[in-house]
Amino acid sequence: MTATTDAVRRHDPELRGFASDNYAGAHPEILAAIALANGGHQVSYGEDDYTAHLQDVMRGHFGPTAQTFPVFNGTGANILALQAASERWGAVICAATAHINVDEGGAPERVAGVKLLAVPTEDGKLTPELIDREAWGWEDEHRAQPQIVSIAQTTELGTCYTPEEIREICDHAHERGMKVHLDGARLANAAATLGVPLRAFTTDAGVDLLCFGGTKNGLLFGESVVVLNPDAVRGMAHLRKASMQLASKMRFMSVQFEALLAGDLWLRSASHANAMATRLAEGVRAVDGVEILYPVQSNAVFARLPHEVTERLQKRHRFYYWDEAAGDVRWMCSFDTTEADVDGFVAVVAEEMGKHK
């Protein structure tokens with residue numbers, strides 16, 4: 001059958017910005033994989049050949065006990081993971097800036113039914129000492145029981161835990177009877193920064209379960225919950241269905257992850273996005289009046305600008321405030337960000353800062 005369509009392209013495919021890595025399209029290799037999986041019939045709801053093979057692909061990265069559950073989106077992945085690893089009276093210790101705390105519309109508490117115990121941090125990273133601010137009260141029936149420590153790799157501030165830091169957190173949590181969940185929306189970017197295999201700061205560090213992000217690294221759609229310690233969860237298959245995260249045509253999710261992870265596409269794309277963020281930070285750091293707020297350890301750059309400059313810049317390039325009151329903004333790079341994109345944006349920042357001076 002010859003492929004035709006009545007759809008019309010309604011955007012400029014040459015237009016790229018720095019608002020979010022979710023703005024980027026799908027990587028051509030991912031689209032090719034989806035086309036490869038198309039045609040004919042495959043058993044639905046994950047009983048297909050692609051989802052079966054994905055288990056082997058993931059175990060190659062995370063070890064022989066890893067169990068993978070593809071889902072639709074990142075919030076759904078986090079909800080499913082937290083539900084499966086906690087009781088109804090459970091609580092989750094996380095950074096105050098964590099995605100589950102500030103960017104998921106209250107879904108962890110409303111849908112997963114867990115209490116979030118948010119801890120302020122300087123750089124988005126938890127430590128054993130910070131965890132202990134909320135790791136107490138297990139005998140108090142009036143207090144939600146801390147059962148999970150949730151960390152993000154990379155964090156919402158673009159910072160990256162070392163394998164040793166995660167191992168210390170996992171040991172600390174496990175000693176207190178808690179499990180460790182890792183929100184890995186940008187897990188590949190962390191591996192690219194650290195220069196180590198994925199399992200070095202997940203399975204080998206003691207993480208119990210994680211959410212593996214695909215959309216921010218070139219997938220059309222789809223994330224995965226990866227259970228590293230099967231004893232830490234229960235009812236994953238039932239909870240995925242009850243949480244409305246069970247895809248009928250799962251082969252089109254699974255083949256994307258195969259394309260991403262069977263070779264080095266995941267690392268190529270993340271490394272490139274990280275490199276573009278480093279280039280952007282170096283460029284704007286040279287502009288008088290621009291302050292870089294956090295170490296650039298992934299594909300995110302956080303900066304502080306005068307409000308008037310930000311408002312003019314946003315009319316030329318779309319991006320978001322991170323903290324509008326303070327004048328903090330966030331710029332994100334993607335797998336398809338080019339050096340010309342970065343250099344052009346740096347020039348615009350310099351131009352608008354010059355007008356401000």
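The legends below describe close-up views of a predicted model.

**View 1. The largest nonpolar core and the surroundings of L261.** The largest nonpolar core of this predicted model comprises 50 residues, and those with the most contacts inside it are F62, L126, V149, I166, L198, F212 and L261. Helix 10, which spans residues 251–261, supplies the largest share of this core, namely 5 residues. When residues up to four places away in sequence are not counted, L261 touches V57, M58, H61, L198, F212 and W266. As general background, nonpolar side chains in soluble globular proteins tend to be buried together.

**View 2. The crossing of helix 8 and helix 11.** The axes of helix 8 (residues 187–194) and helix 11 (residues 265–285) come within 8 Å and cross at roughly 75°. Because an angle of 65 to 115 degrees counts as roughly perpendicular, helix 8 and helix 11 are described as roughly perpendicular to each other. Helix 8 contributes A188, N189, A191, A192 and T193 to the contact, while helix 11 contributes W266, L267, A270, S271, A273 and N274. Sorted by class, the residues in the contact of helix 8 with helix 11 are 7 nonpolar and 4 polar, with no charged residues.

**View 3. The aromatic pair of F62 and F212.** The model has a count of 9 aromatic pairs, and in the one shown here the ring centres of F62 and F212 lie 6.1 Å apart with their planes at 80°, so the pair is edge-to-face. The pair links distant parts of the chain, since F62 belongs to helix 2 (residues 49–62) and F212 to strand 6 (residues 209–213), 150 residues apart. F62 counts as buried because its relative accessibility is 1%, and F212, with a relative accessible area of 1%, is buried as well.

View 4. The rings of F319 and W331 form an edge-to-face aromatic pair, with 5.9 Å from centre to centre and 80° between the planes. F319 is placed in the loop between helix 12 (307–316) and strand 10 (320–323), whereas W331 is placed in strand 11 (residues 328–332), so the pair ties together parts that are 12 residues apart in sequence. F319 counts as buried at 3% relative accessibility, and W331 is buried with a relative accessible area of 0%. Together with F18 and F345, the residues F319 and W331 form one aromatic cluster.

**View 5. The exposed residue W89.** W89 is found in the loop between helix 3 (74–84) and strand 2 (90–95), and its relative accessible area of 53% makes W89 exposed. Leaving aside residues up to four places away in sequence, W89 touches A144, Q145 and Q147. From W89 to K315 the C-alpha to C-alpha distance is 47 Å, and these two residues are 226 residues apart in sequence.

View 6. Most residues other than glycine have a negative phi, and most peptide bonds are trans. The peptide bond from Q153 to T154 is cis, with omega near 0°, and T154 lies in the loop between strand 4 (145–152) and helix 7 (163–175). Y45, a residue other than glycine, has a positive phi near 55°; Y45 is located in the loop between helix 1 (28–37) and helix 2 and counts as partly exposed at 41% relative accessibility. M244, although not a glycine, has a positive phi of about 60°; M244 lies in the loop between helix 9 (236–242) and helix 10 and counts as exposed at 70% relative accessibility.

Key:
Residues numbered from 1 in each chain as written. Heavy atoms only, no water. Core = buried A, V, L, I, M, F, W, Y, C linked by side-chain atoms within 4.5 Å. Buried < 20%, exposed > 50% of the residue type's maximum accessible area, 1.4 Å probe, protein only. Helix = DSSP H or I, 4+ residues; strand = E, 2+ residues; numbered from the N terminus. Contact = heavy atoms within 4.5 Å. Axes fitted to C-alpha atoms, helices over the stretch in contact; angles between N-to-C directions. Parallel < 35°, antiparallel > 145°, perpendicular 65-115°, else oblique. Nonpolar A, V, L, I, M, F, W, Y, C, P; charged D, E, K, R; others polar. Phe/Tyr/Trp six-rings, centres within 6.5 Å; stacked < 30°, edge-to-face > 60°.
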